[in-house]
Amino acid sequence: MEIETIPTCVDCGTQNCKYKDRTYPDFCPTDNLKEEDRQWALERYDEGRNREIMIASAEVEYEGYCQWTRVQEIMEFARKIGAHRIGIANCIGLIREARIFARILRANGFEAYSVICKVAGQPKTSMGIPAQCESIGAAMCNPILQARLLNEAHTDLNVVIGLCVGHDSLFYKYSDAYVTTLVTKDRVTGNNPTAALYTADSYYRKKFFGGK
């Protein structure tokens, strides 16, 4: 059974929202935008520190364009928003990377405060997680507690290093501070998840598209 596809931005070939000298496709959300939605979004930039965050983000993108690594971009962004205490929410499998990042932060005048994913050592089965999941480790990841402890540490900016899919979602939800991601974990590709996208039409074609 073929699922009906509703065209969205990934199906656009013009990107006129950026270039402004082309034609919008009929389904374009920019061309069909309701004014109330546009205004709602613009008004949100006046809430809290959102406008400051947007300006700092744009400046970092411009100043370090194709020059700065993401590590440096995070530090420059932190400086622009006055963030000194940097929280690190890291996977235990990337403790080495988290230690290196903390060392870099400290060498550049920041305070690094890390909470690892297995904090509290809570058994997986105690939360209703199937017992077979403990075969790869008995302790559950605890992203909500990671967020709470970083909140209690009053971190100014939190950085995710390799939290699992889904666990990262819960961390983002419960973090009081703004969050950015340094490392996205992918055990198969050496933490380079875009490798699967780049090879989706070759090596991974059968796995993703069933041989089509």
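Reader: Which residues does Arg79 touch, not counting residues up to four places away in sequence?
Author: The model is a predicted one. Arg79 belongs to helix H4. Leaving aside residues up to four places away in sequence, Arg79 touches Asn108 and Phe110.

Reader: Is Arg79 buried, partly exposed or exposed?
Author: A residue is buried under 20% relative accessible area and exposed over 50%. The relative accessibility of Arg79 is 40%, so this residue counts as partly exposed.

Reader: How far apart in space are Arg79 and Ala56, C-alpha to C-alpha?
Author: Along the sequence, 23 residues separate Arg79 and Ala56. In space, the C-alpha to C-alpha distance of Arg79 and Ala56 is 9.2 Å.

Reader: Which helix supplies the largest share of the lining of the second largest pocket?
Author: The second largest pocket has a volume of about 180 Å³. Its lining consists of Ser57, Val60, Glu61, Arg70, Glu73, Ile74, Phe77 and Thr180. The largest share, four residues, comes from H4.

Reader: How many residues in the lining of the second largest pocket are charged?
Author: By class, three residues of this lining are nonpolar and two are polar. The charged residues number three.

Reader: Which residues are the closest to the centre of the largest pocket?
Author: The volume of the largest pocket is about 340 Å³. Of the 19 residues that line the largest pocket, the closest to its centre are Lys118, Lys124, Cys141, Cys164 and His167.

Reader: Which helices each supply at least two residues of the lining of the largest pocket, and how many of the lining residues are nonpolar?
Author: The helices are H6 (143-152) and H7 (167-174), each with at least two residues in the lining. By class, the lining has four charged and three polar residues. The nonpolar residues number twelve.

Reader: Why are the buried residues of H6 on the same side of the helix?
Author: The buried residues of H6 are Pro143, Gln146, Ala147, Leu150 and Asn151. They are on the same side of H6 because the arc they cover around the axis is only 135 degrees.

Reader: Which residue with a positive phi follows H6?
Author: Phi of this residue is near 55 degrees. The residue is His154.

Reader: What is phi of Gln15?
Author: Gln15 is found in the segment before helix H1 (16-19). At 43% relative accessibility, Gln15 counts as partly exposed. Although Gln15 is not a glycine, its phi is positive, at about 50 degrees.

Reader: What is phi of Ala120?
Author: Ala120 lies in the loop between E2 and H6. With a relative accessible area of 59%, Ala120 is exposed. Ala120 is a residue other than glycine with a positive phi, near 85 degrees.

Reader: What distance separates the C-alpha atoms of Ala195 and Glu43?
Author: Ala195 is found in helix H8 (residues 194-198) and counts as partly exposed at 21% relative accessibility. Ala195 and Glu43 are 152 residues apart along the chain. Their C-alpha atoms are separated by 38 Å.

Reader: In what order do the elements of the chain run from the N terminus on?
Author: The secondary structure comes to nine helices and four strands. From the N terminus on, their order is α-α-α-α-β-α-β-α-β-α-β-α-α.

Reader: What percentage of the residues in the chain is buried?
Author: Buried here means under 20% relative accessible area. The chain has 212 residues, and the buried share is 29%.

Methods: Residues numbered from 1 in each chain as written. Predicted model: local features only at pLDDT ≥ 70, side-chain atom pairs only at ≥ 80, totals over all residues. Heavy atoms only, no water. 1 Å grid on protein atoms, 1.4 Å probe; cavity = no way out; pocket = protein on both sides within 12 Å on 5 of 7 lines; lining within 4 Å. Points joined across faces, edges and corners; volume = space filled by probe spheres on them. Nonpolar A, V, L, I, M, F, W, Y, C, P; charged D, E, K, R; others polar. Buried < 20%, exposed > 50% of the residue type's maximum accessible area, 1.4 Å probe, protein only. Arc of directions from axis to C-beta. Contact = heavy atoms within 4.5 Å.
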